[in-house]
Amino acid sequence: MQTITVLGATGSIGCSTLDVVQRHPERFRVFAITGNAQVDLLMRQACQCAPRYVVVADEQYYAKAVELAAKYQVTAEILCGAKALEDVACAGEVDAVMAAIVGAAGLLPTLSAVKAGKKVLLANKEALVMSGALFIEAANQSGADILPIDSEHNAIFQCLPDNFQYGNLSQSGISRILLTGSGGPFRERPLESFSSITVDEASTHPNWSMGRKITIDSATMMNKGLEFIEACWLFGAKAKDIEVVIHPQSIIHSMVQYVDGSVIAQMGNPDMRTPIAYGLAHPARIEAGVAPLDFADMANFSFQPPCYERYPNLKLAIEACEEGQAATTRLNAANEVAVAHFLDGHIGFCDIAKVNEETLNKMEQVSVSSLQQIVEQDAIARDVATAIIKGKFAC
Ligand code: NAD
Ligand code: MG
């Protein structure tokens, strides 16, 4: 029996996690679930999975949460605030933590689980993008097992030799990591019409159903850029070891190429319950509720290289990855700000990459090594990006 904390239970990954968990009551017990604005859903989840603790991140939702807990007869203790998020991630009773808060907000609770040596199911890619070296160092020190949940990284993990993690790519006969991406909804849209892309158009992914921020990141391919950086940290890779391949069908979730010419791919329907079930049960395999692939029904697989003119954010991310930790932290922060403003209708689709690039250009090169410096760089980049948006778009 594994005892689990689900950080970000009310999100797309959180809901899929509870779905898999509830299919296997003999294997998993829920210790804590956390959420933020969606307190009604959070309390209904608490009724179903009976955790010991329910945490609302922001104090402003606490009174509502307590009121709903009484209404739904939730027996769990209701907590709130940043410290409570960290506490339920590192509590002694917890075996595994699903890190599924979106964005930089997930950094500290995810690190709390890593430092406590938990099995960490890592969906929150932004945490790793921000804190890379520190995160991996903390995992090495505490003995935390990091299981990638992002479908591409989970696929790569499955295609690597057993016990590879943090190994050496070339010593293991690996010549390349092939990071696949669908290309998003605008793969074929004429470039001239990009400036008129609406929020609704960018919020519809052809293959995956996901949270709002990652859906926009998929449309700009910043998501692939963040994943590029994530792959470097998770697999000890350099930028030259990773190739992004557009595969519009999202059936192959990524591949590993070996020096003998073999390419090992992991395939499946685009349903996050597969990597989630893999991470939860690892090294065992458990049923996830995912429909099996029907090869008779599959028309064709296609592949193409990414075009940076179409996806400038991908290029920015690869360059930031080569530059170092300060650049990736800043890019992530600027992007969170730009995407939020795009979703609020303040800036256009193409402006997201422009704000990101200008933020990086405006900030002087520094090197960061401590968590405090990382948090500082994140905050400064948010201010710079916000000032750029206010200056340009008068919002
Ligand atoms: P989502 O927007 O659906 O859910 C986000 C969760 O984070 C919610 O539970 C929300 O309450 C919580 N949250 C938001 N702001 C918070 C704050 N300030 N403090 C504490 N909690 C907060 O997002 P999602 O699609 O489930 O993605 C979650 C993470 O997983 C992201 O980092 C994303 O990149 C990654 N991921 C998602 C998918 C997917 O298919 N959805 C795939 C791969 C990776
Ligand atoms: Mg992914």
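## Terms and model

A residue is called buried if 20 or more other C-beta atoms lie within 10 Å of its own, exposed if 12 or fewer do, and partly exposed in between, with C-beta atoms placed from the backbone. The model is predicted, so that local features need pLDDT of at least 70 and side-chain atom pairs count only at pLDDT 80 or more, while totals for chains, interfaces and linings use all residues. Residues are numbered from 1 along each chain as its sequence is written, and chains are lettered from A and ligands numbered from 1 in the order in which they are written.

## The annotated site

Asp150 lies in the loop between strand S7 (145-148) and helix H7 (151-159), where helices (H or I, at least four residues) and strands (E, at least two) are DSSP runs numbered from the N terminus. Asp150 counts as buried because it has 26 C-beta neighbours inside 10 Å. Leaving out residues up to four places away in sequence, Asp150 touches Ala123, Lys125, Glu227 and Glu230, contact being defined as C-beta atoms, placed from the backbone, within 7 Å.

Glu227 belongs to helix H10 (residues 222-235) and is buried, with 29 other C-beta atoms within 10 Å. With residues up to four places away in sequence again not counted, Glu227 touches Lys125, Asp150, Glu152 and Leu179.

Conventions: Contact = placed C-beta atoms within 7 Å.
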